[in-house]
Amino acid sequence: ELEHAADGVKHEMTAVLAKAFVTPLEREDLALISANIDEVADFIEEVLQRIYVNRIQTIMPEAIAFAGMIMECCDMMKDMLGELQNFKKPKKLHEMIIALSHKEEECDRLYLEATLKAADFSSDVLTVIFWREIFDKLEKCADACEHVGDSIETIVMKNS
């Protein structure tokens, strides 16, 4: 439901941009941010689908930690988008972009640790494979969050 709602917001934004006479930023740049945010929502949905399809009954503690870090990344993206209106004075935006990049690097470290611990979590080979798949998807979520920051950084550079 959340992913579907996110798609709706993306389509609504596209419709508004198509009608707008003048936007403070180029339409293509705003569309890029929108597409990158949609990618985050899509990857989050994929994580949940993997948990459901693989009939995961017990959640690894590393998955809970990873989900918390993804949530932090999403909060950082939200704050960044709120600050985007001040793109002509980008100091704070640059700090936020760097902070998001650091958080994504933390996710990379957790990804390696969690992937290794999957084998210790269960002696069932399929369960290990399922968890590695889930951690791959979580890592893609973190990467997608960083892509939002990268697109905002590109827009700031183009417009400052």
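Predicted model: local features only at pLDDT ≥ 70, side-chain atom pairs only at ≥ 80, totals over all residues.
Visitor: How many salt bridges does a search of the whole structure find?
Guide: Nine salt bridges turn up in that search.

Visitor: What is the partner of glutamate 46?
Guide: Glutamate 46 pairs with lysine 137, and their closest N and O atoms are 3.0 Å apart. Glutamate 46 belongs to helix H2 and lysine 137 to helix H5, so the bridge ties together parts that are 91 residues apart in sequence.

Visitor: Is glutamate 46 buried or partly exposed?
Guide: Glutamate 46 counts as partly exposed, because its relative accessibility is 25% and the buried class stops under 20%.

Visitor: And what about glutamate 62, which lysine does it bridge to?
Guide: Glutamate 62 forms a salt bridge with lysine 117, with 3.5 Å between the closest N and O atoms. Glutamate 62 sits in helix H3 and lysine 117 in helix H4, which covers residues 91-121, so this pair ties together parts 55 residues apart in sequence.

Visitor: Of that pair, which residue is buried and which is partly exposed?
Guide: Glutamate 62 is buried, at 12% relative accessibility. Lysine 117 is partly exposed, with a relative accessible area of 35%.

Visitor: What does glutamate 106 bridge to?
Guide: Glutamate 106 bridges to lysine 103, the closest N and O atoms being 3.3 Å apart. The two are three residues apart in helix H4, so about one helical turn separates them.

Visitor: What does lysine 103 touch?
Guide: Leaving out residues up to four places away in sequence, lysine 103 touches Met69, Glu72, Cys73 and Met76.

Visitor: Which residues are linked in a network of salt bridges?
Guide: Glu26, Asp29 and Lys158 are linked in such a network.

Visitor: New topic. How many residues are in the largest nonpolar core?
Guide: That core has 39 residues, and Leu93, Trp131, Phe135 and Ile152 have the most contacts inside it. Helices H2, H3, H4 and H5 each supply at least two of its residues.

Visitor: Which helix gives the most to this core?
Guide: H5 does, with 13 residues.

Visitor: How many nonpolar, polar and charged residues are in the lining?
Guide: The lining of the second largest pocket has 15 nonpolar residues, with no polar and no charged ones.

Visitor: Why roll a probe over the atoms?
Guide: Rolling a probe the size of a water molecule over the atoms shows where empty space is left.

Notes:
Residues numbered from 1 in each chain as written. Heavy atoms only, no water. Nonpolar A, V, L, I, M, F, W, Y, C, P; charged D, E, K, R; others polar. Salt bridge = Lys/Arg side-chain N within 4 Å of Asp/Glu carboxyl O. Helix = DSSP H or I, 4+ residues; strand = E, 2+ residues; numbered from the N terminus. Buried < 20%, exposed > 50% of the residue type's maximum accessible area, 1.4 Å probe, protein only. Core = buried A, V, L, I, M, F, W, Y, C linked by side-chain atoms within 4.5 Å. Contact = heavy atoms within 4.5 Å.
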